[in-house]
Amino acid sequence: MAKARAVVQVGDRRYEIQEFELPRVRDDDALMRVEACGICGSDVDQYDGKLNGMGLQLPIVPGHEPVGVIEEIGAEAARRWGLKKGDRVAVEPGLGCGHCRDCIQGNFRRCRVGRPGTKIVACGFVPTHIPPSLWGGMAEYMYLDPHAALHKVSRDIPAELAALYQPMAAGISWAYYEPHTRVGDTVVVWGAGQRGLACVVGAREAGAAQVIVVARRQSEHRLALAKELGADVALYSEDDVVARVRELTHGEGADVVIDVTAQVMEPITKAVEMAKQAGTIVLAGVKGWGAMIPGLENDRIFVKELTIKGVRNSDYRSFEVAIRLIESRRYPLEKMHTHSFALEDIDLAIRTLAGRVPGENAVCVSLDPAL
Ligand SMILES: [Zn+2]
Ligand SMILES: [Zn+2]
């Protein structure tokens with residue numbers, strides 16, 4: 001029987017390459033040959049063991065940002081998904097139960113019921129003891145459960161470009177749909193990692209008149225990339241960003257401020273200062289569980305009538321729009337992809353993305369099982 005090689009996380013910062021039998025495809029599921037699997041900050045947290053408290057059961061085949069080609073598909077699955085063998089698909093991380101209140105309302109990414117008997121609600125987080133083990137994208141082949149949410153992607157673009165679909169969906173969701181960004185708005189994006197850069201594009205797509213990106217001085221190369229992707233102004237967070245935003249908006253402040261930075265609180269307090277009257281603040285950066293915001297001038301929130309919105313993941317529509325945007329080649333998104341690694345090099349890939357490899361300036365990193 002044919003087998004697939006897969007990355008298996010067996011402990012904190014410990015991976016192995018293991019082989020699993022390819023599952024027998026039934027009427028309502030499918031098997032995908034993985035072409036590329038994007039890596040994001042949550043993969044780094046998973047690697048470091050920071051997700052262990054959230055009920056993570058090892059060993060796991062990680063990877064929740066895969067793109068690949070349908071190798072085999074059941075007749076009923078083909079009918080439901082509108083797909084056939086040879087189609088390229090991007091897989092959403094969410095694995096809803098399909099029956100609960102959230103799933104019925106189309107919010108399967110918010111499903112709390114999950115897979116039967118496991119409560120697991122995302123691919124790449126299902127332990128290997130649950131057949132058919134190949135639940136994650138960091139493998140040669142990935143099992144597509146009947147509840148997987150799939151999006152067809154053109155085969156005319158490079159796989160590593162297609163693999164940007166998750167950060168790009170976040171950019172569309174967080175900088176466009178969630179804050180209801182409108183034509184003519186000034187949007188400040190705090191952070192210039194993969195999500196921040198995608199938010200620059202999302203704000204541009206929304207018709208923002210002015211997109212301002214903020215990052216630390218050491219992220220110079222990312223700020224330069226942000227400008228190539230459509231940011232009008234790049235600011236250093238070490239400078240007086242609030243004063244600069246006021247200047248750039250003739251004293252009004254920004255319509256929308258998005259914080260995608262990890263661990264630092266300053267962008268949140270500054271966002272409250274730099275947002276205009278009745279402006280919107282989107283919070284998408286992980287600050288560490290239990291962390292509190294020091295220095296937040298609370299009353300400014302109601303005096304200015306601000307809307308503060310937490311966001312996590314993206315909805316189905318944002319994924320569709322993001323994929324069409326990537327296919328259009330209207331932005332030089334290929335510049336966001338900086339590194340591809342073989343499955344065997346997963347440890348190096350994670351450390352490269354995390355900025356732990358001296359001399360490497362990674363933005364988007366993917367695994368390529370064919371390497
Ligand atoms: Zn991710
Ligand atoms: Zn559900």
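Along the chain, the donors of the zinc ion (ligand 1) follow the spacing C-x23-H-E. C40 lies in the loop between strand 3 (30–39) and helix 1 (41–48), and E65 in the loop between helix 1 and strand 4 (66–73), so the pair ties together parts that are 25 residues apart in sequence. The protein donors are C40 (SG), H64 (NE2) and E65 (OE), lying 2.1 Å from the ion; donors are N, O and S atoms within 2.8 Å of the metal (3.2 Å for Na, K and Ca), and sites may look incomplete since water is not among the atoms. Both C40 and E65 are buried (under 20% relative accessible area, with exposed over 50% and partly exposed in between; 1.4 Å probe, protein chains only).

This is a predicted model, in which local features need pLDDT of at least 70 and side-chain atom pairs count only at pLDDT 80 or more, while totals for chains, interfaces and linings use all residues. Residues are numbered from 1 along each chain as its sequence is written, chains are lettered from A and ligands numbered from 1 in the order in which they are written, and side-chain values use heavy atoms, leaving out hydrogens and water.

Helices (H or I, at least four residues) and strands (E, at least two) are DSSP runs, numbered from the N terminus. In helix 11, the buried residues are S318, F319, A322, I323, L325 and I326. They cover an arc of only 160° around the axis, which puts them on the same side of helix 11; the arc is that of the directions from the helix axis to the C-beta atoms.

R330 and E205 form a salt bridge (3.0 Å, N to O), that is, a side-chain nitrogen of Lys or Arg within 4 Å of a carboxyl oxygen of Asp or Glu. R330 lies in the loop between helix 11 and strand 14 and E205 in helix 6, so the pair ties together parts that are 125 residues apart in sequence.
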